[in-house]
Every structure is written in C-alpha cells, then in structure tokens.
Amino acid sequence: MKIYKFPNEEQVREIVTRPVKDARDLTATVAAVLQRVRAEGDAAVCDFERQFDKAELSSLAVSAEEFAVAETLVSPELKAALQLAHDNIARFHQAQRFSGIDVETAPGVRCWQRSIPIEKVGLYIPGGTAPLFSTVLMLATPARLAGCGEIVLCTPPRPDGTVNPAILVAARIAGVSQVFKAGGVQAIGAMAYGTESVPSVSKIFGPGNQYVQAAKQMVSLDGVAIDMPAGPSEVEVIADDTADVAFVAADLLSQAEHGTDSQVLLVTTSEALIAAVESEVARQLLALPRKEIAAAALENSRLVLVGNTDEAMTITNRYAPEHLIIETSDAHELAARVVNAGSVFIGHLTPESAGDYASGTNHTLPTNGYATAYSGVNLDAFCRKITFQSITPEGLQAIGPAVELMAEAEHLQAHRFAMSVRRQKK
C-alpha cells in the first residue's frame with residue numbers, strides 16, 4: 001500500500017487518477033464476438049459458452065424444472081435473507097416513484113410530464129468467482145416496480161450447464177422468469193441484438209469485467225441504452241482518530257476482494273491510524289478465502305494523511321468514489337459536503353457491505369470517477385419521462401407572437417407559419 005503524507009497538488013492528481021489500461025486488443029476481441037452473435041444468434045452464444053464457460057448447452061433458457069430444483073438447493077436461512085433484502089430494496093425504491101407534474105406555464109398553455117417504464121430491459125448478472133445473486137435483487141426489483149413489461153436476465157452457466165441456484169431463487173423473489181444461460185460479451189450481444197431464444201431489449205443493466213463493460217459501450221453505439229459506463233469497483237474511507245482500526249481494515253478488504261483491479265483509498269487526519277490499519281489489514285487478509293485477489297488489489301491501494309477534514313473533502317470530491325465510508329466523529333457533517341460519490345455510508349457502524357446487500361439502497365453505482373456525472377441505478381433508471389403540452393386559443397395569443405418572432409430570427413419560416421396559420425384561423 002502506498003502512503004502519501006500531506007500530498008501536494010501533483011501527488012493529489014496521482015491519488016485521484018485511476019490506472020489506465022490498454023484496451024486495443026480487448027476492443028477487437030469484443031467486436032468480433034458481438035459480430036458473430038448478431039449474425040449467428042443462439043449458435044454463436046452456445047459456441048462462446050463452450051469456449052469461455054466450458055459449458056455444453058442444448059438450450060439457453062432456464063426451464064421451470066431448473067427453477068424448481070434451485071429452490072431445493074438454497075437454504076431457508078439464505079432465502080429469508082434474500083427476502084429481507086428484497087423487501088428493503090423495494091421499500092426504498094418504491095419511495096422514489098415520480099407522480100408527475102402539471103403546470104400552466106402561461107394562460108391557456110398547459111405542460112405536463114409523465115414517467116413511462118421502459119418496455120424491455122436486460123439484466124446482466126456476473127457468475128465467475130463470485131455469483132452476484134444480490135445484483136439480481138438490485139436490478140430486477142426496481143425494474144418490476146417501475147412496470148417494465150419484459151425483464152430479461154442473462155447469467156453465465158457453470159461448467160455442468162446449470163446456473164447458481166441462489167441467482168434463480170433471487171430472480172423468482174424479484175419476479176423475473178426469463179433467465180438465460182449466457183455470460184460475458186455474448187450475453188450483452190444477445191440482449192442487444194436478440195437471438196432465436198433471447199429477446200432484444202432497449203436498455204442493458206449490470207456490472208461485469210472489462211470485456212462486459214466494453215461490450216455494453218459498443219452496443220450503445222447501435223442504439224441500445226446502458227445503465228452507465230463503469231470500471232473496477234472501488235471504495236474510499238475517510239477516518240479520524242475515533243475510527244475503529246478493525247472496522248477500517250475490514251472495509252478496505254471488503255472492496256479489495258472483489259477483484260485484482262479493485263481500488264481502495266484511505267484518507268485520514270490521523271498518522272497513527274495509517275500504521276495501525278496497515279498492520280490490521282495484513283492480519284485480516286490472512287483469514288480471507290480470496291486473499292490472493294485482495295492482496296493484488298491492495299498493491300494499488302493508497303493511504304493518505306491530510307492536515308484537516310477540508311483537505312480530506314477536497315480529495316474526496318475530486319476522486320468521486322463509487323463507495324464512500326465516513327468513519328469520523330463528525331461523519332454527518334462531512335457527508336453533507338459530499339458532491340461526488342456513488343453511495344455514502346455514514347458513521348462507524350455503517351459498512352459498505354450493508355448497501356451491497358440489504359439496507360435498501362442500490363449497489364449498481366458509477367465507478368472510475370463517473371460519479372461526477374452519473375447516478376447509481378434507481379427507479380428512474382428504468383423509466384423515461386415524457387413531456388406533453390396542450391394549447392387553447394387563449395394560449396396561442398399568449399405565446400404565439402414570441403414563437404413567431406423567434407422562428408423568424410432563426411430563419412425557420414415553416415416553424416413561424418405553423419404558429420401563424422393557427423393564430424389567423426377564425
């Protein structure tokens with residue numbers, strides 16, 4: 001872990017800069033896979049599943065029988081935890097519902113706005129070393145609440161051709177029945193372009209590795225919307241001398257174990273805390289089943305000593321972390337000063353893992369500094385807001401002259417005439 005003490009401007013720029021990867025080879029590979037899926041449909045997806053996931057598939061769709069078997073393989077305790085998480089996620093996202101607005105902007109001119117669900121959405125759920133059944137709840141729950149008519153879920157199969165049972169149980173709890181065995185780039189291509197089995201969708205959601213993210217960005221050029229651009233997962237912890245060392249170390253490691261390219265950052269006003277956290281991270285790391293992954297991520301981690309909380313907040317808002325944990329005596333005051341972050345966890349007893357699973361907020365968040373411009377997934381992400389307007393004869397007289405004058409000034413005479421012909425109608 002690299003330590004910075006009272007960093008100057010050049011060092012701050014280094015602290016907030018994410019590692020840059022050469023994506024040229026990756027881009028060519030992704031484009032080739034997408035092209036084949038678009039041209040060959042199910043056959044290409046099955047071929048890539050054979051290559052990448054080592055699974056021989058006779059069908060991409062998960063059957064009703066497979067859903068039933070999955071129910072028997074998940075413990076009652078985990079089912080109860082999934083239900084609790086779903087209920088909290090639903091409660092929080094239901095409260096985000098937009099009821100619409102209706103305004104008379106001028107006499108006789110009425111404008112209103114409605115929220116309309118996206119008709120067809122696709123959800124990508126990673127499998128691999130960490131099957132993210134929690135992401136099923138995070139995406140499918142608001143999609144169902146929003147009223148999306150068709151929810152398509154893709155997730156990679158295991159080598160024996162089955163899907164992780166907890167993913168299927170979570171899908172059933174969240175109300176999703178269309179689940180397909182497809183992972184990686186081929187899954188994104190299938191949902192973007194459609195195959196014989198997988199319906200095409202209007203918007204794709206979900207995390208994934210660098211290949212998946214590249215695929216999402218490529219299909220977005222073909223008219224398929226995506227939730228957000230994304231990079232490796234990350235966390236920043238702000239801590240002072242009131243922070244519990246074990247808590248801070250655990251928070252850093254909980255993010256480091258996501259992947260070797262995950263990023264963790266500690267910003268603190270306590271020099272003693274830095275040494276203590278280094279020691280505690282090393283101790284806790286030894287007990288982790290994914291310690292090799294976490295250790296690789298920690299090689300790129302940064303421990304930053306600053307003179308005061310003003311400096312801490314300046315670095316934080318420039319870094320724009322995906323997850324921000326504030327473990328200080330004035331945590332709520334500092335949280336009020338956050339302008340760039342995906343999700344904020346306030347106080348010593350609020351770990352990032354609470355938001356990852358069951359507090360109710362969404363864990364699909366902007367990474368790689370995109371929190372300066374993007375929100376995390378929420379109910380609005382599954383909707384479009386459409387505006388409407390209606391004008392009476394009184395309204396024509398109220399705004400008509402201004403419309404005519406502005407259209408003429410822009411040299412758009414047909415625009416002007418469209419208003420004038422109505423005003424002159426007796």
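1. Helix α16 (residues 393–409) lies across β2, β3 and β14. Its direction is at about 100° to β14. Note that this is a predicted model.

2. The three strands under discussion form an open sheet in the order β2-β3-β14, and the pairing is antiparallel. β2 (101–106) and β14 (383–391) are the edge strands; each has a single partner, so one side of each is left without a neighbour in the sheet. On average, neighbouring strands here are turned by 25° against each other, direction ignored.

3. Look next at the pairing of β3 with β14. Strand β3 (residues 109–117) meets β14 in the antiparallel sense over nine bridges. As for individual residues, Gln113 has Thr387 in β14 as its bridge partner.

4. The largest nonpolar core contains 38 residues. Val121, Leu123, Val136, Leu153, Val179, Phe205 and Phe382 have the most contacts inside this core. At least two core residues come from each of α4 (64–73), α5 (76–94), β4 (120–124), α6 (133–146), β5 (150–155) and α7 (165–174).

5. Which residues does Val179 touch, leaving aside its neighbours within four places in sequence? Val179 is in contact with Leu60, Ala61, Val62, Phe67, Leu153, Thr155, Leu168 and Ala171. Of these contacts, Leu153 is itself listed among the residues with the most contacts inside the largest core.

6. Another core, of 32 residues, lies apart from the largest one. Its members include Tyr124, Val152, Val185 and Val198.

7. The buried residues are Val185, Gln186, Ala187, Ile188, Gly189, Ala190, Met191 and Ala192.

8. What covers the buried residues of α8? The cover includes the helices α2 (24–40), α3 (42–53) and α9 (210–220), together with the strands β4, β5 and β7 (203–205). Just after α8, Gly194 takes a positive phi of about 80°.

9. The volume of the largest cavity is about 60 Å³. Its lining consists of Ile15, Pro19, Gln263, Val264, Leu265, Asn300, Arg302 and Tyr319. Strand β10 (residues 263–268) gives the most to this lining, with three residues.

Key
Residues are numbered from 1 along each chain as its sequence is written. This is a predicted model: local features need pLDDT of at least 70, side-chain atom pairs count only at pLDDT 80 or more; totals for chains, interfaces and linings use all residues. Side-chain values use heavy atoms; hydrogens and water are left out. Two strands pair if DSSP finds at least two bridges between them. Helices (H or I, at least four residues) and strands (E, at least two) are DSSP runs, numbered from the N terminus. Axes are lines fitted to C-alpha atoms, for helices over the stretch in contact, and angles run from 0 to 180 degrees between N-to-C directions. Contact means heavy atoms within 4.5 Å. A nonpolar core is a set of buried Ala, Val, Leu, Ile, Met, Phe, Trp, Tyr and Cys residues joined through side-chain atoms within 4.5 Å. Buried means under 20% relative accessible area, exposed over 50%, partly exposed in between (1.4 Å probe, protein chains only). On a 1 Å grid over the protein atoms alone, a cavity is a set of points where a 1.4 Å probe fits but cannot get out, and a pocket is an open set with protein on both sides within 12 Å along at least five of seven lines; lining residues have an atom within 4 Å of a point. Grid points are joined across faces, edges and corners, and a volume is the space filled by probe spheres set on the points.
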